[in-house]
Amino acid sequence: MPTEPDDDTGGFADSAAEIATLYGLGAPTGALVPAARGEQGAIWRMETTTGPYAVKVLTVRQRDEDAARDVAFQERAASAATSYDVGRTVRTADGRVLATVGDRQIRVMGWLDMADPDPGVDPALVGQMLAELHAVGDSRTDEVDPWFAAPVGADRWQEYLVSLAAGEAVITPRLEAVAPELVALEELLAAPSELRTCHRDLWADNVRQTSSGRLCVFDWDNCGPANVDHELAMLVWEYGLDDVDRIRTLFETYVDAGGPGRISSPGDFTMIIAQFGHFYEMAVRPFLDLAATDDDRAHGIDRFDEFDSRPLTLDSITQILAVTQGR
């Protein structure tokens, strides 16, 4: 979910020469230019004598071994992809994905020119892409991150409402309006099983069209174990846009292309339900944090605006199940 570019209060724009040296990218032809910021980090464009690159400053620091595993999956997906493109990961001179510049952890990818986020892209392209991606996910036995599977919980939602009301937060009535639906959705959560490595962040922000008309999948930082049924359900909601024909096209294209996932029960929506809960939680927290800035709270309101513009609901889940079960 990209937002405004980084304001570069730390002078990061002047780090191009250091980054180019670390990654062996030739000489920079100018300063770094902010391109976008999402929940997981800020993207900067860097031009050098060997071409343009995307430099990502990570909000949440990663371990080298985790980044290496993400990239292994990404490169395996890229080698097998026939219907979509994958940005190339660039390694440092000593073979690492991650580097540190000042107090910022970064990674570098080849630059791809892409369209703006658009969940209205051709759903057949999305279905084909996801089928190919799921085909290369290796079996996993490690624990699924709670972000993708755990509820916020009715008790914590109530605690938030009490605390917000006491502070007279402007978002209190908005959370009061949506909390009952969030609690009802969390009652559908099912423990993920038959885990494979999945991308887990295939929102429209990270699946975009290039000038060739093909999709490009990027932002692989959240790869990890998941149930492919759960990821499929998330994409059918995101790109189906509550339209029966789009839902059917995406799902049937995925199945016909050999995708292993299916959507057969409300529990298959676990990944998207859990994430929506945590997204709302992130939007609430600036209004409970005395150290939060006005910009932090404004960003929280923007999140509420985005979620409220197209909420995940029990009705939308029922609609998707009617299509996928009636195939």
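## Aromatic pairs

Across the whole structure of this predicted model, a search finds 12 aromatic pairs. In one of them, the ring centres of Trp-203 and Phe-276 are 6.3 Å apart and the ring planes stand at 65°, so the pair is edge-to-face. Because Trp-203 belongs to the loop between β8 (196-198) and β9 (207-209) while Phe-276 belongs to helix α8 (residues 270-284), this pair ties together parts that are 73 residues apart in sequence. Both Trp-203 and Phe-276 are buried.

Another pair is formed by Tyr-280 and Phe-304, whose ring centres are 5.4 Å apart and whose planes are at 75°, so that this pair, too, is edge-to-face. Tyr-280 lies in helix α8 and Phe-304 in helix α9 (residues 294-309), so the pair ties together parts that are 24 residues apart in sequence. Tyr-280 has 2% relative accessibility and therefore counts as buried, and Phe-304, at 0% relative accessibility, likewise counts as buried.

## The aromatic cluster and charges over rings

The residues of these two pairs belong to one aromatic cluster, which is formed by Trp-147, Trp-203, Trp-237, Phe-276, Phe-279, Tyr-280, Phe-304 and Phe-307. Over the ring of Trp-237, a member of this cluster, sits the charged end of Arg-310, 3.7 Å from the ring centre. The charged end of Arg-45 is placed over the ring of Trp-111, at 4.7 Å from its centre.

## Helix α3

Helix α3 (residues 123-135) has 13 residues and, at 1.5 Å a residue, should span 18 Å; its end C-alpha atoms are 18 Å apart, which agrees with that expectation. At the start of α3, a side-chain oxygen of Asp-122 comes to within 2.9 Å of the backbone nitrogen of Ala-124.

The buried residues of α3 are Pro-123, Val-126, Gly-127, Met-129, Leu-130, Ala-131, Glu-132, Leu-133 and His-134.

Strand β1 (residues 33-38) pairs with strand β2 (residues 41-48) in the antiparallel sense, over five bridges. A hairpin of two residues joins β1 to β2, and Gly-38 stands opposite Gly-41 in β2. Arg-45, whose charged end sits over the ring of Trp-111, falls within the residue range of β2.

β2 also pairs with strand β3 (residues 51-58), again in the antiparallel sense, and here over eight bridges. Two residues lie between β2 and β3 in the hairpin that they form, with Thr-48 standing opposite Gly-51 in β3.

Note on methods:
Residues are numbered from 1 along each chain as its sequence is written. This is a predicted model: local features need pLDDT of at least 70, side-chain atom pairs count only at pLDDT 80 or more; totals for chains, interfaces and linings use all residues. Side-chain values use heavy atoms; hydrogens and water are left out. Helices (H or I, at least four residues) and strands (E, at least two) are DSSP runs, numbered from the N terminus. The expected span of a helix is 1.5 Å times one less than its number of residues. Buried means under 20% relative accessible area, exposed over 50%, partly exposed in between (1.4 Å probe, protein chains only). A polar contact is a pair of N or O atoms within 3.5 Å; within protein, one must be able to donate a hydrogen and the other to accept it, and residues adjacent in sequence count only if both atoms are side-chain atoms. Rings of Phe, Tyr and Trp (its six-membered ring) pair if their centres lie within 6.5 Å; planes under 30 degrees apart count as stacked, over 60 as edge-to-face and the rest as tilted. A charge sits over a ring if NZ of Lys or CZ of Arg is within 6 Å of the ring centre and within 35 degrees of the ring normal. Two strands pair if DSSP finds at least two bridges between them.
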